[in-house]
Amino acid sequence: MSAEVFSVFYQFADVFAFLILSAAGLAIVFGMMGVINMAHGEFIMCGAYVTVGLVNLGVPLAIAQMLAALTAGLIGVLVEFLVVRRFYKRPLDSLLATWGLSLIVTQSMLLIVGSAVRGIGTPEGSFAIGGYSFSTYRLVLFGCAVAVLGGLYIIFMKTRFGVIARATMQNAAMAKALGARTGRIYAISFGIGTGLAGLCGALYAPTMTLIPTMGATFVVESFVTVVIGGANVLLGTAPAAVFLAMIRMALNASYGQIIGQIGMLVAVILIIRVLPEGLSSVLVRRGR
Amino acid sequence: MFKLLEGPQTLGRGKIFWSCFLAVLAGALTYPLFADSYDVGNFAYFLIWIFMALGLCLMWGYGGMLSFGQTLFFGIAGYGYGVLAINMGGGTATIAALVLSVVLAMLAAGILGYFMIWGGINGIFFGIVTLSATLVLAFFLGQTAGPEWHIGPARLNGFNGMKGMDPLTVGDFYIEGSALYYTMIALIVIVYLALRMLVNSGIGNVIVATRENPQRAEMLGYDVRKYQLLTFVIGSGLAGLSGALYTSWGQFITPSSIGLPAAAMPIVWVAFSGRNDLTATLVGSFLLLFGFQTITVYSQQAALVLMGALLLATVMLAPQGFVLGIGKLAADWWGGRRRRDDGAVAEEAGRLQPEES
């Protein structure tokens, strides 16, 4: 019996981790600046390529993954400075600008790197409960997703940066009048967002084929999670991921991946009819 | 009714504009007489996509709804045409397949649009929900390679795409080559003029008023949701028309014309051209398609990098669009000269300018 229960939890954890890791970075950027980073998938791809590149050079996997997230974060700060910064007053144009960027990056990668890069293979290791065998790495991913949520909670709720960031989020003009450097806060938040995207790519790099268009595998999940989650990462994205993961898990188990994805999309379309501002609007209202 | 061809929502009026229009049309009509059939076929191929661009221009430029889902409806109608044409047999039934597939795309748009518009989805989310739906359709079609995925005798064939449907046919006459080209020209003229009339009509004014300020339009007594849904359905239907014509033109369609990067292309054309005007979109999209095709022959990736760069450059340097900007400069120059002559061009100032979005 416990083996069945664990098996259900394992499947849930797998989908939940995928949703949280792919959406967290996007949600932070959206929550802080009201901007959707259409190049999100490319930062994920960047994280994956850096990881694989470093591992092939002989760097241990965990360190390579951290360096990859850091690289994506730094590139994100640069992109914020060069492009995104101009569009905070025109959020729709920011979508177009980052989409343009995404096209440039993906297609240049196809031109330069080509489509085939040697993968590194999922880390070995599995354990058995009852008659079932489970991959350890999938549970590591779940642990990472929970750690990301915990880390974001600490950064945004317990640090000085978090206080200023939340103040900026609530009323940028007022925060600026009180001496907060909102420009810098935005740059750092964007960097955290793209860094998390890089982390997502780094963590999933061992489990999938590396192609320049791999970002597209993540964008649907990250979009729908952010759409139902709304502007608040902790109160929106996490519950949205729990909810979507349950739908997805149930459908995946009986009908396969693609029906799971379609079911998730249909659920999202039905939900936006009643909750256009996402789950966080309800939860935040309840909390007050 | 023909008075509506000119009005505050469209650039270009008076004898000069319409003489240019007729001159371009005459050029287009005589083109197959001196060009070889390969080039005529290529031209027809560019023209296929114009409907999708005009539809996006209506939704985004006039209605203020940035839909990233043009290729979703392109795909629904494209696959719809294939399935219907195969199932109903060739011949004149292909015309019915074309019409039905466009209706199918409009129905899908009606359903998706109902949930989004009545749910009150705002600008950014409208884009990413439509894009998510588009990508899911592309993923779904991509994994339909097995023989179990078929509708009647029509195999979906996964990434390799569906093929084997008849092109548009009347009786025994295949509409191909220059016949297809003339059909396209006729359809584009009809759609272009009809859209001009639509946006300059009362309905069009409400659509633009909703873009400017939805609350204000609502206070004035209009149910803006209905107008938005109408705009969305028409715009998506035009994308569907492109899709059905595309399938008919090449007698195949693959999921790659739905997913990324295909979904970004209509956005690039319309943004570059100038989303606020139908004529600018028509001209700009044609130029971009022509340029894109020329470069694609050498390297598709390079052409797509260029498209991305154009999109980035447009929003950074000319958010209203390059073609529209150049057109306005020319019009100002011309208007300035005329003003010196007789001093009577003040109506241009009355054109509604979009507020900062």
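Is B:Q251 buried, exposed or partly exposed, judged by the other C-beta atoms within 10 Å? B:Q251 is partly exposed, because 15 other C-beta atoms lie within 10 Å. A residue needs 20 or more to be buried, and 12 or fewer to be exposed. B:Q251 sits in the loop between α9 and β6 of chain B. Its phi is near 55 degrees, a positive value in a residue other than glycine. The model is predicted, and these values are computed from it.

Step back from B:Q251 into the helix that precedes it. B:Q251, with its positive phi, follows α9(B). Helix α9 of chain B covers residues 224-250. Is the helix covered or exposed along its length? It is mostly covered: of 27 residues, 22 are buried. At 1.5 Å a residue, its 27 residues should span 39 Å, and the end C-alpha atoms are 39 Å apart, so the two agree. Among the elements of chain B, α9(B) also has the highest mean pLDDT, 95.

The other end of that scale is helix α13 of chain B, residues 322-342. Over residues 342-357 of chain B the pLDDT is below 50. Beyond near neighbours in sequence, that stretch has 15 contacts in the model. For chain B as a whole the mean pLDDT is 87, and 94% of the residues reach 70 or more. For the complex, the predictor gives an ipTM of 0.91 and a pTM of 0.90.

One follows β6. There, in the loop between β6 (252-253) and α10 (265-273) of chain B, is B:P261. A cis peptide bond joins B:L260 to B:P261, with omega about 0 degrees. The other loop lies between β2 (154-155) and β3 (162-163) of chain B, and holds B:N157. Phi of B:N157 is near 70 degrees, again positive in a residue other than glycine. B:N157 counts as buried because it has 21 C-beta neighbours inside 10 Å.

Now to helix packing in chain B. Helix α3 (residues 70-88) packs against helix α4 (residues 93-119) at an angle of about 145 degrees, with the axes 8 Å apart. The crossing of α3(B) past α4(B) is right-handed. From α3(B), the contact includes B:F73, B:I76, B:A77, B:G80, B:Y81 and B:L84. From α4(B), it includes B:A93, B:A97, B:L100, B:S101, B:L104 and B:A108. By class, this contact divides into 17 nonpolar, 3 polar and no charged residues.

Helix α3 (residues 61-82) of chain A and α8(A) cross at roughly 145 degrees, and their axes come within 7 Å. This crossing is right-handed too. The contact of α3(A) with α8(A) has 16 nonpolar, 10 polar and 1 charged residues. Helix α8 of chain A runs over residues 182-204. At 1.5 Å a residue, its 23 residues should span 33 Å; the end C-alpha atoms are 33 Å apart, so expectation and model agree. Like α9(B), α8(A) is mostly covered. Of its 23 residues, 19 are buried.

What joins the chains? In the interface, 33 residues of chain A are in contact with 40 residues of chain B. On the chain A side, the elements that give two or more residues are α4 (91-112), α9 (215-229) and α11 (257-274). The largest share comes from α4(A), with 15 residues. By class, the side of chain A that touches chain B has 25 nonpolar, 4 polar and 4 charged residues.

Which residues does A:P276 contact, leaving aside its neighbours within four places in sequence? They are B:G119, B:G120 and B:I121. Within its own chain, the C-alpha atom of A:P276 is separated by 7.9 Å from that of A:I228, 48 residues apart along the chain. A:P276 counts as partly exposed because it has 17 C-beta neighbours inside 10 Å.

Note on methods: Residues numbered from 1 in each chain as written. Chains lettered and ligands numbered in written order. Predicted model: local features only at pLDDT ≥ 70, side-chain atom pairs only at ≥ 80, totals over all residues. Contact = placed C-beta atoms within 7 Å. Helix = DSSP H or I, 4+ residues; strand = E, 2+ residues; numbered from the N terminus. Nonpolar A, V, L, I, M, F, W, Y, C, P; charged D, E, K, R; others polar. Expected span 1.5 Å × (residues − 1). Axes fitted to C-alpha atoms, helices over the stretch in contact; angles between N-to-C directions. Left-handed = near helix turned anticlockwise from the far one by under 90°. pLDDT = per-residue confidence, 0-100.
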